[in-house]
Every structure is written in C-alpha cells, then in structure tokens.
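Here is a walk through one protein model, written for someone who will have the coordinates open alongside.

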Amino acid sequence: PAMKQQILIIQPLMPALSEMLHRDYQCHRLYEQPDAAAWLQQHGQTIHAVATRGDVGLAAEVMAALPALEVIAVFGVGTDAIDLAAARDRGITVTVTADILTDDVADLALALMLSVSRQIVAQDAFLRAGEWANRPPVLGSKLSGKRVGILGLGRIGSAIARRCAAFDMHIGYCNSRQSDEPGWQRFGDLHQLALFSDVLVLAVPGDARNYKVVDREVLNALGSQGVLINVARGAVVNEDDLIAALENHTIAGAGLDVFEGEPAIDPRFFALENTVLTPHIASATAETRQAMAQNVADNLASWFAHGKAITPVA
Ligand code: 8YV
C-alpha cells in the first residue's frame, strides 16, 4: 500500500475529526512535542498538510519551518491567525468551512442580543435565588423595532441582518460593498454606525484592518442605552475601553462570545453584571461541528486525490 500522507495538527481537534484524520493519514501532533522547534527542524520537510482551528491558525515561524507545505485546512472561517500573504507567495492553499457555520453564528448573535436586552441570565439567577416571591423582576429593554448596526456584512453579517429584519429592527451596516437589500442603510464609518445603533454587532474578520477598532470613542457613540455584541474576534475591541464603558455604564451592556487571550480572559469581565459571556461557542452545535469536521477531512482528501481543495479561501 502507498505510504500515508503526513499531516501536522497544531492544537487539539474535536475527537470526530481527529479520528477521521488518524484513520487516513499519518498524523503528527505539534502540541504534544516537548520541543516543537526541534521537532520541526527534524521532520518539517515531510509535512504536506496542516490541520488547524480558526482560533489557533498557524504561527509564521511554524509555516516557515514546513518547506513542503501545500495546504492548510482550517476548522473554522477565521484566517486572522494565518499569514495569508505568505501562504499566497508560497502557493499554499488555505481552506475554510465557509457557509457551514453561518447560521449558528448568526443565531448566537441574536441569542446574545435577546439575553442582554431581556436580562435572561440575571432573571434566571433571580428566580433560582428565590427572589420572585419577594419583589417583582426588573424590566428589560425592548429589542423589536430597535436599530441594529452590523460591522461587516459578509456571510455571517448578512445572516444576522436577516434575523434582525424578522424582529422588525432597522438595519445599518458598514461594509466595503453596498448591499442591494432595500432599507438596509450603509454607513461610511464605524463611528457613524455606532451613533445610529441601539445594538452594535461585530461580524468582521479579526485581522490587522479591524484591530481594536471598537474603542472608547466608538463606545461613547453607541451610548448609554447601547449594547455591543461580539461574535467576531476579541482583537476587534479595545477591551480596556470596553470594560471601562461597562463599569461606568457608558454603554448599557454587552454580549460577548470572543475575547483577547481566550480562554484566559480578563477577570474584570466576571464582575460585570450587564454582560452575557459565552466561551466562543458561536459555531458550537453538534450538527455544525460535525459538518465542519467533515469539511476539513474532505478538503484534505480532495487535495491529495486531485490537487484541488473544495472550499479554498477566495
Ligand atoms: C471555531 C472560529 O470555534 O470559525 C472560526 O474562525 O473561531 C470558530 O468557528 C474555531 O475555529 C474552533 O476552535
């Protein structure tokens, strides 16, 4: 039988994917190497494919230590942790699970919006604490009919906008391209979008263009009744400014699925009552994660069989 192809796995993958890859390839787990640099020096030239996660990517020095690398299959859509320019220069194909997770990420954005505006988490705690018999629950704020501003109207941003439209929300957005959706209002910059928005949703890539663009001034523009929702990347937000805005009630609240330095997030978040925090679960449903795993396996199989990926980055 032909020798199995050798694949490098950067960080742990979900068991279903790990099993598929171990069945079909000779897998090397970089995260289990006590001295990754030494391992790469010795074995780097045998690796033709990398499997990694959107939140993990591939460090530039690891990519540089893989001279025969042909394809990077990402379990996710984020490519912010991959040097795409270097990959392009070297003719390395990068694949992502585009389309597969769009609905789930948009669903979670709405779940966070509703959780913050209706204070679902605090109301649940109030009830469980036995307070219901003692005093009436606090009032939430209405979501239907409000103005939502979406930063980034790609696949995910558009899916969020469609859901918000079903809640009779007024839709504003910032995006390089104009949408032909009637009634969706395009803004030239984030500051203008934040001024418009009751709810500001982040759905842009976490790359250098968007690094910490949500800062004190944008949060001031969002205003004391405003809510921030982040299902993009922690790096899109200046977290010191956000924590200050939440502590001082410069904005009303936030629903956050992503953080800088996750999973070791800034502990000041834990004390904020006007926030709902989730551990990067926007794509984390059984159905979607299974389909994402299959996409990674299918891209690698197609690459090795035909030299062509199924869902390469555009
Ligand atoms: C995943 C993601 O949670 O798609 C992305 O870029 O961040 C998420 O879908 C991640 O890739 C898996 O760890």
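Start at Gly206: leaving out neighbours within four places in sequence, its contacts are Gly78, Asp80, Ala232, Arg233, Ala235 and Val236. Keep in mind that this is a predicted model. Gly206 sits in the loop that links S9 to helix H9 (216-222). Is Gly206 buried or exposed? It counts as buried, because 22 C-beta neighbours lie inside 10 Å, and the cut-off for that label is 20 or more.

Now for a loop residue with the opposite label. Ser144 belongs to the loop between helix H6 (120-128) and strand S6 (147-151). Ser144 counts as exposed because it has 10 C-beta neighbours inside 10 Å, where 12 or fewer is the limit. Setting aside residues up to four places away in sequence, Ser144 touches Phe167 and Asp168. The C-alpha atoms of Ser144 and Phe304 are 49 Å apart, and 160 residues separate the two along the chain.

On to the sheet. What is the strand order? Seven strands make an open, parallel sheet that reads S8-S7-S6-S9-S10-S11-S12. At the edges are strand S8 (185-186) and strand S12 (275-277), each of which pairs on one side only.

| Strand pair | Bridges | A residue pair |
|---|---|---|
| S1 (residues 6-9) and S2 (residues 26-29) | four bridges | Gln6 and Gln26 |
| S9 (residues 199-202) and S10 (residues 227-230) | four bridges | Val199 and Val227 |
| S10 and S11 | four bridges | Ile229 and Gly255 |
| S11 and S12 | three bridges | Gly255 and Val276 |

Gly255 is worth a click, as it is the bridge partner of Ile229 and also has Val276 as its partner in S12. Its strand, S11 (residues 253-256), is covered on both faces: Gly253 and Gly255 are buried on one side, and Ala254 and Leu256 are buried on the other. To get from S10 to S11, the chain passes through helix H10 (residues 239-247) in a right-handed β-α-β crossover.

Zooming out, the protein splits into domain 1 (6-100 + 287-306) and domain 2 (102-277). Their centres, taken over C-alpha atoms, are 32 Å apart. How many residues meet across the boundary? Five from domain 1 are in contact with seven from domain 2. On the domain 1 side, that set is made up of one nonpolar, two polar and two charged residues.

Which residues surround it? The shell consists of Arg53, Gly54, Asp55, Phe75, Gly76, Val77, Gly78, Leu101, His280 and Ser283. By class, that comes to three nonpolar, five polar and two charged residues. Gly78 brings us back to where we began: this member of the ligand shell is also one of the contacts of Gly206.

Notes:
Residues are numbered from 1 along each chain as its sequence is written. This is a predicted model: local features need pLDDT of at least 70, side-chain atom pairs count only at pLDDT 80 or more; totals for chains, interfaces and linings use all residues. Domain bounds come from an automatic or database domain assignment. Two residues are in contact if their C-beta atoms, placed from the backbone, lie within 7 Å. Ala, Val, Leu, Ile, Met, Phe, Trp, Tyr, Cys and Pro count as nonpolar, Asp, Glu, Lys and Arg as charged, and the others, Gly among them, as polar. A residue is near a molecule or strand if its C-beta atom, placed from the backbone, lies within 6 Å of it. Two strands pair if DSSP finds at least two bridges between them. Helices (H or I, at least four residues) and strands (E, at least two) are DSSP runs, numbered from the N terminus. A crossover is right-handed if, with the strands pointing away from the viewer, the path from the first strand over the helix to the second runs clockwise.
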